[in-house]
Amino acid sequence: MAEAGRPNPNFMNGVPELLILRLLLEREMYGYQLVRAIRGATGEAIALGEGVIYPALHALEADGALASRRETVAGRTRVYYRVTTGGRRRLGRITKDYSRITGAIRDVLRGPPSEKPAF
Amino acid sequence: MKNRPFETLCVALLRAGWSPRYVRRYVAELSDHYESLAREYRADGLCLEQAQHRARKRIGDDASLFESVLVQRRFQSFARRRPWVAFVLLPIPIAFLAKVLAGLALAGGGLLVASVAGAPAHETSPGPPTWYVHFPFAYGVPLLVAVGYCLIAHRRCCSPNWALAACAILAVYVGGVTFQLDSTLLDAGFVRIGYGRHVFSPNARLLIPPLVFAAYFGISRRLGGISAAKAAP
């Protein structure tokens with residue numbers, strides 16, 4: 001578990017994508033809101049250099065998993081992101097993969113299965 | 001602008017070949033994030049300086065932000081990802097297309113003038129003056145395309161050698177290829193476009209792209225722009 005407030009240096013592959021898609025599924029958000037939502041939803045267990053989230057958002061948008069709209073707030077550009085239909089499908093896929101992997105890891109951590117009698 | 005916390009990052013990304021459009025967007029989003037964080041810290045009772053310092057720290061340093069963008073090569077500008085295509089293969093098709101467009105614009109302009117003047121189509125007239133047809137093709141198009149290439153090289157922080165290559169190719173092309181519009185038929189409602197090539201053209205147009213490059217090179221060196229082309233943090 002990461003120390004609260006410190007970015008996870010080796011941020012697990014695919015995890016930001018999973019979190020972004022899952023959290024944006026509920027409502028559209030801009031970057032700052034999304035980072036807060038990640039911190040809130042993970043109890044600050046997963047923290048990242050906050051600016052790092054934008055390239056991930058841009059990549060997901062370029063892949064068609066997210067759509068965005070711009071708004072000018074107090075003279076600043078704010079980009080709101082939402083999940084597209086393709087993004088929902090992608091989320092379904094990576095959620096399944098992630099559940100399978102974490103399930104396997106949990107089994108390993110639980111220790112070797114107790115020996116069963118031959119008969 | 002008073003406070004530009006991401007200026008260094010912005011310059012680094014541009015120099016590394018990321019498209020200006022992408023960099024503008026990224027920096028705009030970072031700036032908004034930074035302002036929101038600073039406001040949050042201010043609400044917590046920190047002074048402005050501390051709030052800005054903490055906000056900047058939480059967003060990440062320039063190196064980590066730069067690295068996070070580095071993996072997204074697809075947002076690099078086309079000229080940086082495929083300089084051979086942009087500066088070696090495309091100049092001739094672009095110059096050709098520019099001439100076709102210029103031809104159509106001239107023909108359209110000629111027909112418009114003829115219709116506004118009310119001259120009947122069958123009446124013969126001397127047609128537009130030679131310079132009207134000759135100058136845009138011979139000088140305007142090569143000038144615009146060469147300037148365009150130098151601007152692209154400058155804006156995308158590409159090596160000046162690529163701009164030189166594009167201008168040299170353009171010089172050979174505009175000096176060796178003729179593309180003409182038959183102006184005498186304009187009033188009759190026809191357009192005839194001629195296309196041919198000759199081995200050597202004594203026209204000054206051959207010199208236009210190298211001159212444009214020389215001007216670009218001189219100005220950029222004076223401003224220190226070219227030396228920064230390969231720089232990255």
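Two residues are in contact if their C-beta atoms, placed from the backbone, lie within 7 Å. The model is predicted: local features need pLDDT of at least 70, side-chain atom pairs count only at pLDDT 80 or more, and totals for chains, interfaces and linings use all residues. Residues are numbered from 1 along each chain as its sequence is written, and chains are lettered from A and ligands numbered from 1 in the order in which they are written.

**View 1. The contact between chain A and chain B.** Chain A gives 15 residues to the contact and chain B gives 19. On the side of chain A that touches chain B, helix 3 of chain A gives the most, with 5 residues. This side holds 7 nonpolar, 5 polar and 3 charged residues (nonpolar: Ala, Val, Leu, Ile, Met, Phe, Trp, Tyr, Cys and Pro; charged: Asp, Glu, Lys and Arg; polar: the others, Gly among them).

**View 2. The open sheet of chain A.** Its 3 strands have the order 1-3-2, with antiparallel pairing (strands are DSSP runs of E, at least two residues, and helices are runs of H or I, at least four, numbered from the N terminus; two strands pair if DSSP finds at least two bridges between them). Strand 1 (29-30) and strand 2 (66-73) of chain A are the edge strands. Tyr30(A) has Tyr80(A), in strand 3 of chain A, as its bridge partner.

**View 3. The surroundings of Leu34(A).** Neighbours within four places in sequence aside, Leu34(A) is in contact with Ile20(A), Leu23(A), Leu24(A), Met29(A) and Ile53(A).
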